Every structure is written in C-alpha cells, then in structure tokens.
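Please look over the sequence and the model first, and then read on.

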Amino acid sequence: MSEEKSRFVVSADWLQAELGKPDLRLLDASFYLPAQKRDADAEYAAGHIPGAIRFDQDKIADHSVPLPHTIPSPDLFAIEVGKLGIEEKDRIVVYDGIGMFASPRVWWLFRVMGARNVYVLDGGLDGWKSEGRPLETNVPHYEPKVFRPTYDASRVVNLDTMRDIVASGALQIADARSAGRFAALEPEPRAGMRSGHMPGARNLPSGVFANQGRFKSLPELQQTIEDAGIDLSKPVVTSCGSGITAAIITLALESLGHTDNKLYDGSWSEWGGRDDTPIITGPPEPVKA
C-alpha cells in the first residue's frame, strides 16, 4: 500500500498557502490535561497561526450537565460559532498545540453539526512553530455569520445507549485512554473515577495514531486498529476519558472509509464516575488470530 494520508488532514505547507482566503476559518482548539502543564489560552495569546480563532471546548458546551465539555445543543452551537464568523459551508481547519490531541474532537463536532469541509492540521502548532512559520498575537474578529446546523444524532451515544451496547455486545468499543488507565494500573486523572474499562472494550491509546503530532499513513492506521482487535467491517463506538481523544480514533476510522461509528460523549468521566456501571480491570482479552 502507498503512504497515503488522510483526506481530512492538511499539511502546514497547504495551510500557509491558504491563509487569508475569505472562506477559510482557522480554529485553535488546544486543550490540555493538568499533567501536561500547558495553558492553552496563554499560548494562544503569546502567538497563534495568523487568522486563527480560539475555540474553547469547555465554553462551547452543554453546561446543564456536570460532565466536562459535553456536546452542546445544535442551536447553542450554531449561535456560538456564528458569533465567531463561521457558517456551515466554510472551509474549517482545526489545530491544537500537540498536533493530534484535541483538534479531532472539534473536527468531529463540526461534522456532527453539519459542516462538511472540516480538516485537521498535521503537526499542530508545535510543528508549525518548529518550522519557523508565521505567528501573530492579534485576535482576529470576523463578521457574525449564520451557521445552519443539521445535527446527526446517530453519531452520538448517551449513557443509556452505551449500557445497551455493553450489555449486548452489538458494537465494538474502542477506548482511547492509556493502557495503564484501561487496565486499572494507573489512577484516573479526575477525582472520583473508578479504574478499569467497559466489558468488551479494546484499548487504542490516543497517542498511537501519530508521530510527533503528525497523523500516521492510512496503512499504518489500519494496522494499528486491527492489531487492537477492531474489525473494520463492523460498527464501532469510540470512548476515552471525557470525549475528546475518542475523536482521534473516529478520525482514523473515517480516514479509512469506516463510517459506521459513533462517539460516547460522556466517556469514562460518566461511566467511571458512577457506581452502577459494569467495569473490568486488567488488560483486554487477547486478540484472536
């Protein structure tokens, strides 16, 4: 197979040539866990890719529930991104600091809300900076637009549906948390979380899909997913700690033409934070030959 790359991922060379085009909207969707010791807002203020708007996943969210960065209603999403000057037909490029960490979540979110021309920057801001590409500190302001959402609820899994999936084994479950957290060998980073994984889940740690923030080739993505015991001919639901890095698996699946997938938005913050959901500790079952 060739070293073909995902059609949803754009290079820094391509993006730099497109900067300033009227239909391009560039979003800085950086998000970090406390252990990463990075401040997304401070980094944006210190220097971002020219024209980039800060997209805070904790602010553009459903705040009526106690879970972090829960997917907002289509109406709320449309209002907030409209204020940023974004409409559903724009070309939208999302990046984060690391390269393939938080940006796929926003890529997924816009697609669930009906935008189709959505892409992720390969290498992220760290890669952009390492190559000496231009930065700015000015905060761009665009005229408000009307974003017309067409929400695809079939791509989002809630707790009740996830219970049914686990009980029936109807869908494959791909968990993007680290191997240590998956096997309950490491504590969860959020207080009050039980450790372990859902029965039947397969472990695909989010970091295995990229090298230094650059997404792997399609053959490498396919090998990575199949080695974890996921059958690409069958439906998949993705999960992680709080619904962000699950979208990295989603991006890999979609890049390979796998469209029968869903994302469990509550993820382990919801499942592991309850005392009435089944949990297994230890490594996943061996992959059958």
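Predicted model: local features only at pLDDT ≥ 70, side-chain atom pairs only at ≥ 80, totals over all residues.

The paragraphs below take up the sheets, a pair of helices and a pair of aromatic rings.

Five strands build an open sheet with parallel pairing, in the order β1-β5-β4-β2-β3. Strands β1 (9-10) and β3 (52-54) stand at the edges of this sheet, and because each has a single partner strand, one side of each is left without a neighbour there. Within the sheet, β2 (residues 24-28) and β3 are paired in the parallel sense over three bridges, and L27 stands opposite I53 in β3.

Another open sheet of five strands, also with parallel pairing, has the order β6-β12-β11-β7-β8. Here the edges are taken by β6 (156-157) and β8 (201-203), each with a single partner strand, so that one side of each lacks a neighbour in the sheet. Strand β11 and strand β12 run parallel and are joined by three bridges, and the bridge partner of V237 is K262 in β12.

| Strand pair | Bridges | Residues facing each other |
|---|---|---|
| β2 (residues 24-28) and β3 | three | L27 and I53 |
| β11 (residues 236-239) and β12 (residues 261-264) | three | V237 and K262 |

Helix α4 comes next. It lies across β2, β4 (91-95) and β5 (118-121), and runs at about 175 degrees to β5. How is helix α4 (residues 103-112) placed against helix α9 (residues 246-255)? The two pack at an angle of about 65 degrees, with their axes 8 Å apart, which means that α4 is roughly perpendicular to α9. The crossing in which α4 passes α9 is left-handed. On the α4 side the contact is made by P104, R105, W107, W108 and R111, which meet A247, I248, T250, L251 and E254 in α9. The residues of this contact divide into six nonpolar, one polar and three charged.

Finally, the aromatic rings: the count of aromatic pairs comes to six.

Definitions and conventions. Residues numbered from 1 in each chain as written. Heavy atoms only, no water. Pairing = 2+ DSSP bridges. Helix = DSSP H or I, 4+ residues; strand = E, 2+ residues; numbered from the N terminus. Axes fitted to C-alpha atoms, helices over the stretch in contact; angles between N-to-C directions. Parallel < 35°, antiparallel > 145°, perpendicular 65-115°, else oblique. Left-handed = near helix turned anticlockwise from the far one by under 90°. Contact = heavy atoms within 4.5 Å. Nonpolar A, V, L, I, M, F, W, Y, C, P; charged D, E, K, R; others polar. Phe/Tyr/Trp six-rings, centres within 6.5 Å; stacked < 30°, edge-to-face > 60°.
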